[in-house]
Each structure stands twice: as C-alpha cells, then as structure tokens.
Amino acid sequence: MATDDLMNRALEMLGDDGPPSVEAIHRLADLADVPTSMTIVEVADLLDISPHTLRYYERAGLVEVARDGNGHRVYDNHAVRRLVFLTRMRLSGMPMRDLQHYIALVDDGAETVPERLDMLLEHRDTIRRRLRELTLSLTAVEYKIATYGGETGPDVQTKA
C-alpha cells in the first residue's frame, strides 16, 4: 500500500460530509493490515518515499529503528505509524526543524503536551491559510477555463 493508497484510504474515510473526524484518523492510523516487521524497502514502498529519506529521518532523530542480526533496519508498527505522521506533516509544509522539535517533545513525555498542542495549532493555522490561498488559485484557474469555453469543476459558483 503506497502513499497514494494511504491518501485514497484517508479521503474515503473522511467522506464529503465536512471536516474529518478523530475516528477516521484513528482508523487510518490502524496498521492492522501492515506486517509487524518491515524492511526499509517495504516501508519506502508503503510510504512512497525513498530509502534515502528514511535513513535521513533516522539520522535526524525523527524515528528510531531496530536492527536485525545482520545490521539491517527492521521497522515495527510504532516506527511506521510515526513515519506516516512525519510524511503527512512534511507534505503539509512543516519544516524539518519544527518536526525535530516536535518529536523531541514527544520523546520527552506527557509534560510537553501543552507545547506540542501549541505547535500543532500554529501549524493548523498555516495549513488553513495555504488552503485559502490554493482555493483562490483554483478559482482563478476555473475562471480561465470557463473563459476559454471549458467546463469548471462542480464546486465553482457561477452566476446565472
């Protein structure tokens, strides 16, 4: 299941009925159909990122990965779950330094929850602003498509 599959699964769970529910996110994070032990190649395929990126995340202190008797990386469900989160945050534009700080806070324990919450609230505001900007850009593209005689998407309002 590559990242596209994960994203499609997430979008299907969220539906079109408004904002995502916490339950949908919990279901997405459920990795019951993912093996309990994975190689770097398997995780890279699952997340549609390169093994190099996975090694970088490990060197950056974002994820800890066990090694087998031959020294090969062995990813457990906890590591994969964390990597799913990391890839979503990177996709949403969270800088690496912020991710490193966030993960350090997670690793420091429950007393850091207020600071983590503040970070996520600030990042949510950044994402919402980007969504508004993208919506405006989409509207401009839809306008130009309509100008050239094409059809706009179903979410574009047209005056009668």
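Residues are numbered from 1 along each chain as its sequence is written, and side-chain values use heavy atoms, with hydrogens and water left out. Because the model is predicted, local features need a pLDDT of at least 70 and side-chain atom pairs count only at pLDDT 80 or more, whereas totals for chains, interfaces and linings use all residues.

**Overall fold and confidence**

The protein contains seven helices and two strands, where helices (H or I, at least four residues) and strands (E, at least two) are DSSP runs numbered from the N terminus. Along the sequence these elements follow the pattern α-α-α-α-β-β-α-α-α. Of the 160 residues, 27% count as buried, a class defined by under 20% relative accessible area, with exposed meaning over 50% and partly exposed in between (1.4 Å probe, protein chains only). The accessible surface, from the Shrake-Rupley method with a 1.4 Å probe, comes to about 10,900 Å², and 55% of that surface belongs to carbon and sulfur atoms. With contact taken as heavy atoms within 4.5 Å, 49% of the contacts between residues at least 6 apart in sequence join residues at least 24 apart.

The pLDDT, which is the predictor's confidence in each residue on a scale from 0 to 100, averages 84 over the protein, and 73% of the residues score at least 70. Confidence is lowest in helix 2 (residues 22-29), at a mean of 56, and highest in helix 6 (residues 96-108), at 97.

The table sets out the two helices; the expected span is 1.5 Å times one less than the number of residues.

| Helix | Number of residues | First to last C-alpha | Expected span |
|---|---|---|---|
| Helix 5 (77-91) | 15 residues | 21 Å | 21 Å |
| Helix 6 | 13 residues | 18 Å | 18 Å |

At the start of helix 5, a side-chain oxygen of D76 reaches to within 3.3 Å of the backbone nitrogen of H78. The buried residues of helix 5 include V80, L83, V84 and L86, together with the polar N77, R82 and T87. Helix 5 is followed by G93, whose phi is positive, near 95°.

In helix 6 the buried residues are M96, L99, Y102, I103 and L105, and they pack against helix 4, helix 5 and helix 7. An α-helix has 3.6 residues a turn, so residues three or four places apart point the same way. Helix 6 is followed by G109, with a positive phi near 110°.

**Loop residues**

T112 lies in the loop between helix 6 and helix 7 (113-147) and, at 10% relative accessibility, counts as buried. A polar atom of the T112 side chain lies 2.7 Å from the backbone oxygen of G109. Leaving aside residues up to four places away in sequence, T112 touches L105 and V106.

D48, in the loop between helix 3 (40-47) and helix 4 (51-59), is exposed, with a relative accessible area of 53%. Although D48 is not a glycine, its phi is positive, at about 55°. Most residues other than glycine have a negative phi.

**Aromatic pairs**

A search of the whole structure finds two aromatic pairs. In one of them, the rings of Y56 and Y57 have centres 6.2 Å apart and planes at 45°, so the pair is tilted; rings of Phe, Tyr and Trp (its six-membered ring) pair if their centres lie within 6.5 Å, with planes under 30 degrees apart counted as stacked, over 60 as edge-to-face and the rest as tilted. Y56 is partly exposed, at 35% relative accessible area, whereas Y57 is buried, at 6%.

Notes:
Polar contact = N/O pair within 3.5 Å; in protein donor to acceptor, adjacent residues only side chain to side chain.
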